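Subject: Structure handover

Hi,

Here is the structure I promised to pass on.

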Amino acid sequence: MKSKEHTRQVRDKVIEKFKAGLGYKKISQALNIPRSTVQAIIQKWKEYGTTVNLPRQGRPPKLTGRTRRALIRNAAKRPMVTLDELQRSTAQVGESVHRTTISHALHKVGLYGRVARRKPLLTENHKKSCFQFATSHVVHLI
């Protein structure tokens, strides 16, 4: 996921400098942007003949990668946290999302709101009597 897009003016400057005969390295140093970015802008211009942001495919995700990772961290750290609490924490970050969106994100990584079954703790006496029962009821096969 892209963190930031450059403005149209910056992309146009890159193309101007490229047309003037400057190389990727010189352009990147002059405009203080990474060489790979300069390369990507020029390749896009060569292919599409424009520097505007072209429409993408599909609906952009509601949760950014960073917020999604923070949600997963919180849910893994505190297994009893409710979806409402997680929703409030994302609202503090500045992203208001529905509870179901949060639960979908958690389900994708295998976190579900399940509680472990309560099993009785076996003492030494329990184990001994269980073993005794099993040995007395063993069927001997020949």
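Below is what I found in it.

First, the ground rules. This is a predicted model, where local features need pLDDT of at least 70, side-chain atom pairs count only at pLDDT 80 or more, and totals for chains, interfaces and linings use all residues. Residues are numbered from 1 along each chain as its sequence is written, and side-chain values use heavy atoms, with hydrogens and water left out.

The protein chain has seven helices and zero strands, so it reads α-α-α-α-α-α-α along the sequence (DSSP runs: H or I of at least four residues for helices, E of at least two for strands, numbered from the N terminus).

What about the overall shape? The C-alpha trace spans about 95 × 45 × 30 Å along its principal axes. The radius of gyration is 30 Å, while a compact globule of 142 residues would have one near 14 Å (taken over C-alpha atoms; the globule rule is 2.2 Å times the number of residues to the power 0.38).

Of the 142 residues, 18% are buried, meaning under 20% relative accessible area with a 1.4 Å probe, protein chains only.

On charge, there are 30 positive side chains (Lys and Arg) and 8 negative ones (Asp and Glu), with His and the chain ends not counted. The centres of the two sets lie 4 Å apart, placing each charge at NZ of Lys, CZ of Arg, CG of Asp or CD of Glu.

Lastly, an unreviewed UniProt entry puts "domain: Transposase Tc1-like" at residues 68-138; such annotations may be inferred rather than shown by experiment. That stretch is 62% helix and 0% strand, and its end C-alpha atoms are 54 Å apart.

Cheers

Notes
Buried < 20%, exposed > 50% of the residue type's maximum accessible area, 1.4 Å probe, protein only.
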